[in-house]
Amino acid sequence: AVVSTQSTGKASEGYSRYTMYEQGQETYYITFMTADEKHADANGMFPTIKIEGSWGVTKTGLLDLYDHNDMQRGKKDIYTVPGMKYVGDIKCIEITVRGKDGWKFQYIEVHSGRNMRATYFYNTAGIWMSTKSKDVSRYRMCQK
């Protein structure tokens, strides 16, 4: 079944909007910290996150804070994503972007309602995400 949800994010004061197939009963919380540098922000960018863990894989729908200008320079946005599969200890994430903008994140933090321990993925390589050929539209990061 297709699930459409809207829920508030603490840091953003907006609404998360996604359409996705229900995969399970788990809620994940995904935080994007946009880099604090010129042109790092994006308004026309729609990422998805694949979360890989010790018990499997789950994937978000398109992440967008409805009625809120998310992914702004130096700002933090929190997305609440229900209906996902619990994957155990988070090992890797893969971010895929769609849209017309470029975006640079400082870090992405992920945790589930069942396991509130946050897992951080830092953009130490300085990757710019976009669908333009000079940038990266899909990027995978793993814990060491």
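Phenylalanine 32 counts as buried because its relative accessibility is 0%. Buried here means under 20% relative accessible area, exposed means over 50%, and partly exposed lies in between, with a 1.4 Å probe and protein chains only. The model is predicted: local features need pLDDT of at least 70, side-chain atom pairs count only at pLDDT 80 or more, and totals for chains, interfaces and linings use all residues. Residues are numbered from 1 along each chain as its sequence is written, and side-chain values use heavy atoms, with hydrogens and water left out.

Now the overall fold. The protein has zero helices and 11 strands. Both kinds of element are DSSP runs, numbered from the N terminus: helices (H or I) need at least four residues, strands (E) at least two. Of the 144 residues, 49% count as buried. Among contacts with a separation of 6 or more, 72% join residues 24 or more positions apart. Contact means heavy atoms within 4.5 Å.

Nonpolar side chains tend to be buried together in soluble globular proteins. The largest nonpolar core has 27 residues, and Ile30, Phe32, Ile49, Ile51, Trp103 and Ile108 have the most contacts inside it. Strands E3 (26-34), E4 (45-53), E7, E8 (90-99) and E9 (105-112) each give two or more residues to this core. The largest share, four residues, comes from E8. Such a core is a set of buried Ala, Val, Leu, Ile, Met, Phe, Trp, Tyr and Cys residues joined through side-chain atoms within 4.5 Å.

Aromatic rings come next. Rings of Phe, Tyr and Trp (its six-membered ring) pair if their centres lie within 6.5 Å; planes under 30 degrees apart count as stacked, over 60 as edge-to-face and the rest as tilted. The count comes to seven aromatic pairs. Phenylalanine 32 and tyrosine 79 have ring centres 5.0 Å apart and planes at 55°, so the pair is tilted. Phenylalanine 32 lies in strand E3 and tyrosine 79 in strand E7, so their pair ties together parts 47 residues apart in sequence. Tyrosine 79 is also buried, at 0% relative accessibility. Phe32, Tyr79, Trp103 and Phe105 form one aromatic cluster. Beyond its neighbours within four places in sequence, tryptophan 103 is in contact with residues including Thr34, Met71, Ile95 and Trp128.

What about charge? A search of the whole structure finds seven salt bridges, each a side-chain nitrogen of Lys or Arg within 4 Å of a carboxyl oxygen of Asp or Glu. Lysine 50 and glutamate 94 meet in one, at 4.0 Å from N to O. Lysine 50 is in strand E4 and glutamate 94 in strand E8, so this bridge ties together parts 44 residues apart. Glutamate 52 and arginine 140 form another, at 2.6 Å. That pair links strand E4 to strand E11 (residues 138-142), 88 residues apart. Glutamate 52 is buried at 14% relative accessibility, whereas arginine 140 is partly exposed at 44%.

Which buried aspartate has no salt bridge? Aspartate 77, whose nearest side chain of opposite charge, lysine 75, is 9.2 Å away. Aspartate 77 lies in strand E7 (residues 76-84). A polar contact of 3.5 Å joins its side chain to that of histidine 68. Such a contact is a pair of N or O atoms within 3.5 Å; within protein, one must be able to donate a hydrogen and the other to accept it, and residues adjacent in sequence count only if both atoms are side-chain atoms.

Terms used
Lys, Arg positive; Asp, Glu negative; His and termini not counted.
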